[in-house]
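Have the structure open as you read.

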Amino acid sequence: MDPFGADDFTAAWLRAETHWEDRPGERYVDNFKRKFAEQEFNAIKRRYSGQHGQTYTCVVTVRKEERYVKRTVLKSVVGTLDFSIRHLLHGESFPGEREKHLFCSISRTNLNRYIYVSNLCVAKSARRKSIASNMLYFVIESARSEGVELVYVHVHRDNEPALELYQKIGFEMVEMASSQLLKQQMYLLCYKT
């Protein structure tokens, strides 16, 4: 995907749509969606800048073209996720194990590289069609081709559909991280390639 292109804004808009989908009658929801999409688009641009030596990718999944059916770009995009190649800090066995200090050092060996998945979302009209699992399989294959052995993702404890999806694909809970993430109501899951 070209940095800062229409695909990036479309990914940001889909994330806004899914973030606000359960509140259709809420006052000013369209204004909130627009603001959320702008913030997410700017966040995507920042991620592309390659912070801390990370390689960032935004995956956009589009609906298969049908004969005689015209769709706008926004209606064609059915899924998106981000993933980045990162490095563990010295002494970490999983991301976030140690608190980051002002002068922490990053271990830049191939053994300490991992992929971090974030912002997975699928349009409501396209759910239960293997779109999310196919995007995750793409990430796993990308990890293998890059020689990266571990893929991590954070999931909210109440997000049962996401937990089921990740576990079905083969992600396992990082037990040591669970106590640290209790306050945020999150789990850290890991897939070993």
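A quick word on terms: a residue counts as buried when its relative accessible area is under 20%, and as exposed when it is over 50%. Keep in mind, too, that this is a predicted model.

**Aromatic pairs**

Searching the whole structure turns up four aromatic pairs. A pair of rings is described by the distance of the centres and the angle of the planes. Here are two of them:

| Pair | Centre to centre | Angle between planes | Arrangement |
|---|---|---|---|
| Tyr114 and Tyr152 | 5.4 Å | 90° | edge-to-face |
| Tyr166 and Phe171 | 5.2 Å | 75° | edge-to-face |

Tyr166 has a relative accessibility of 4%, under the 20% cut-off, so it counts as buried. Phe171 comes in at 3% and is buried too. Ring pairs also bring in Tyr191, linking it with Tyr166 and Phe171 into a cluster.

**Helix H5**

Tyr166 belongs to helix H5 (residues 160–169), where Ala162, Leu163, Leu165, Tyr166 and Ile169 are buried. Why do these residues end up on the same side of H5? They cover an arc of only 165° around the axis, and that puts them there.

What do the buried residues of H5 pack against? Their partners are E3, helix H4 (131–146), E4 and strand E6 (186–192). Over on the other side of H5, Pro161 and Lys168 are exposed. After H5 comes Gly170, and its phi is positive, near 125°.

**Ser84 in strand E2**

Last stop: Ser84, which lies in strand E2 (residues 77–87). Is Ser84 buried or exposed? At 5% relative accessibility, Ser84 counts as buried. Its side chain is joined to that of Arg86 by a polar contact of 2.9 Å. Setting aside neighbours within four places in sequence, Ser84 is in contact with Gln54, Thr55, Tyr56, Tyr114, Ile115 and Tyr116.

Notes: Residues are numbered from 1 along each chain as its sequence is written. This is a predicted model: local features need pLDDT of at least 70, side-chain atom pairs count only at pLDDT 80 or more; totals for chains, interfaces and linings use all residues. Side-chain values use heavy atoms; hydrogens and water are left out. Rings of Phe, Tyr and Trp (its six-membered ring) pair if their centres lie within 6.5 Å; planes under 30 degrees apart count as stacked, over 60 as edge-to-face and the rest as tilted. Buried means under 20% relative accessible area, exposed over 50%, partly exposed in between (1.4 Å probe, protein chains only). Helices (H or I, at least four residues) and strands (E, at least two) are DSSP runs, numbered from the N terminus. The arc is that of the directions from the helix axis to the C-beta atoms. Contact means heavy atoms within 4.5 Å. A polar contact is a pair of N or O atoms within 3.5 Å; within protein, one must be able to donate a hydrogen and the other to accept it, and residues adjacent in sequence count only if both atoms are side-chain atoms.
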